[in-house]
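Here is a quick tour for anyone opening this model for the first time. Have a look at it first, then read on.

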Amino acid sequence: MNIFYTYHPLRINFLSVWICDILNQFKIPMKSTSLEIIAQLKEHGHQAYWAGGCVRDMLLGIEPKDFDIVTSALPNQIEDILEHTIPIGKEFGVILSIKDGNSFEVATFRSDSGYSDGRRPDAVLFTDAKEDAQRRDFTINGLFYDPTNDQVLDFVDGKKDLRDRLVRFIGDPETRIKEDHLRILRAVRFKNNYDFQYHPDTYLAVKNNAELIKKISTERIRDELNKMITGNNPAQAFEELYELGILEHIIPELTQLKGLAQPLQYHKEGDVWDHSLRTLTALNDEEASGDPLSPYAPSLALTWATLLHDIGKHETFQQDGERIRYDGHAEKGADTAKKILKRLNLPTHIIDRVHWLISHHMMIVPLLEMPDGRRRHWFLQPGFEELLELCRSDSMGTLPKDLTLYHKLLKRYRSEIAKLKLLPKQLLTGDDIMATLNIKPGPIVGDIMNKIRELQLDEQLTTKEEALNWLTENQENLLRLKEK
Ligand code: ATP
Ligand code: MG
């Protein structure tokens with residue numbers, strides 16, 4: 001079976017994202033190339049326009065990420081006219097065009113019919129621009145642009161909604177949600193990522209049908225959540241996912257933070273839910289940090305870790321005498337976060353980083369009190385700068401806000417890290433240790449290597465020779481350790 005001919009929205013997305021990623025390394029301006037493709041299609045007597053997201057973004061003054069093209073040309077004609085094409089969803093009229101190192105989805109005008117599974121159309125009919133606009137989700141996503149005469153084609157009152165900053169379904173909201181339930185999440189994403197409001201009918205329909213999201217594949221949900229959480233208003237987006245009754249179906253563990261009490265003397269901001277969302281907002285608030293490590297966009301892993309950093313407080317909540325405690329919440333929370341993100345099918349390297357960040361997010365105080373060698377070991381961990389950012393956001397998401405400890409740790413990190421990065425990775429190999437002590441492979445070798453690394457980071461050992469001497473001098477003690 002040729003997978004390119006099997007239409008599935010996911011597959012198209014995956015393939016085009018993957019191909020775009022590779023091609024975008026060559027960076028020839030996409031906009032001018034997309035205009036050439038439109039011109040080529042027009043030369044052969046077809047209509048061709050920019051469609052959907054790129055028109056919306058252009059009218060909002062935002063640089064579009066990609067340029068999707070719609071045309072009256074049929075898939076075979078598109079393949080004949082354009083040079084390098086991949087039939088990623090040919091039966092549904094979607095052809096990928098590769099040009100000048102970029103890729104473009106070129107789609108024949110179509111109307112979708114029958115959504116018996118609530119996820120994708122049973123069949124499509126090739127039609128005209130007006131009908132193609134009707135199959136799109138929101139009015140702001142239903143616009144076309146004809147670059148030849150600089151004209152926006154608006155069959156759905158999209159320009160008006162862009163002006164009023166409204167997310168509004170094209171047609172009857174209930175029907176549109178029943179066709180493809182993912183639109184529930186897309187409504188929340190567009191509303192929040194673009195700082196819009198919901199049209200009242202759209203809001204009500206999303207709220208009344210929230211439960212349908214359960215029928216959507218985790219991969220499609222994951223992609224929307226990833227865009228939402230790294231978007232402009234992640235905290236507000238999650239607040240609305242809760243309020244609209246969506247969150248309980250996709251991340252029920254998070255809803256347990258709502259109303260979960262915190263000790264008032266340390267957390268005047270509210271419950272654990274409020275704290276988590278404030279922390280997420282603080283992550284993106286470089287200005288307010290006063291001393292950001294570097295002006296970078298937080299990674300997807302750091303963003304998820306920030307939202308979920310206190311997810312373990314639900315399981316570990318206890319009232320101990322005068323105060324509320326959550327002993328071991330970092331470790332428990334890391335495991336719960338891992339379960340959630342596995343369920344959402346996030347890549348393993350992201351899940352592992354989230355797990356590491358959450359399980360270590362309570363380390364500011366211990367790090368400040370540790371012996372130099374051990375602390376420096378932590379400074380050199382690959383995720384440490386992200387851990388610092390998580391700690392900063394955590395402190396900023398707390399009322400009263402107190403960043404003293406964070407700044408102390410940041411200062412230490414900055415004063416030491418450059419020199420630490422220049423140190424050789426290890427003074428002795430496992431073979432050196434086994435040969436010197438005349439021992440066989442076993443956990444003890446790793447333990448000794450760690451000890452030598454600590455002494456090196458503590459500047460007690462600086463050369464291989466010193467390390468070998470130390471090994472011989474401490475041979476007896478070390479071997480006794482082995483026996484234990
Ligand atoms: P972005 O790329 O920033 O996520 P976009 O609007 O380009 O935003 P895409 O998912 O790339 O969104 O889809 C391109 C266009 O296809 C949309 O603008 C919309 O017109 C249409 N579209 C995408 N998904 C759906 C859907 N589930 N239902 C109806 N129309 C959709
Ligand atoms: Mg797009």
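## Around the ligand

Helix α8 gives the largest share of the shell around ligand 1, with four residues. (Helices here are DSSP runs of H or I with at least four residues, strands are E runs of at least two, and both are numbered from the N terminus.) Before going further, keep in mind that this is a predicted model, where local features need pLDDT of at least 70, side-chain atom pairs count only at pLDDT 80 or more, and totals for chains, interfaces and linings use all residues. Residues are numbered from 1 along each chain as its sequence is written, chains are lettered from A and ligands numbered from 1 in the order in which they are written, and side-chain values use heavy atoms, leaving out hydrogens and water.

In total, 15 residues surround ligand 1, and the closest are Arg56, Lys65, Asn141, Asp180 and Arg183. To count as near, a residue needs a heavy atom within 4 Å of the ligand. Sorted by class, the shell has 11 charged, three polar and one nonpolar residue. For that sorting, Asp, Glu, Lys and Arg are charged, Ala, Val, Leu, Ile, Met, Phe, Trp, Tyr, Cys and Pro are nonpolar, and the others, Gly among them, are polar.

Here are some polar contacts with the ligand, meaning pairs of N or O atoms within 3.5 Å:

| Protein side | Ligand side | Distance |
|---|---|---|
| Arg56, side-chain N or O atom | ligand 1, oxygen atom | 2.7 Å |
| Asn141, backbone N or O atom | ligand 1, oxygen atom | 2.8 Å |
| Arg189, side-chain N or O atom | ligand 1, oxygen atom | 2.9 Å |

On its own, ligand 1 has 580 Å² of accessible area, and the protein covers 83% of that; the areas come from the Shrake-Rupley method with a 1.4 Å probe.

## Two packed helices

Next up are α21 (residues 372–379) and α23 (residues 404–422), which pack at about 80° with their axes 10 Å apart. That makes α21 roughly perpendicular to α23, a label for angles of 65 to 115 degrees. The axes are lines fitted to C-alpha atoms over the stretch in contact, and angles run from 0 to 180 degrees between N-to-C directions. On the α21 side, Asp372, Arg375, Arg376 and Phe379 make the contact, which means heavy atoms within 4.5 Å.

Most residues other than glycine have a negative phi, and most peptide bonds are trans. Leucine 399 and proline 400, though, are joined by a cis peptide bond, with omega about -5°. Proline 400 sits in the loop between α22 (384–396) and α23. Aspartate 100 has a positive phi, near 50°, and is found in the loop between β4 (94–99) and β5 (102–108).

Note on methods: Polar contact = N/O pair within 3.5 Å; in protein donor to acceptor, adjacent residues only side chain to side chain. Parallel < 35°, antiparallel > 145°, perpendicular 65-115°, else oblique.
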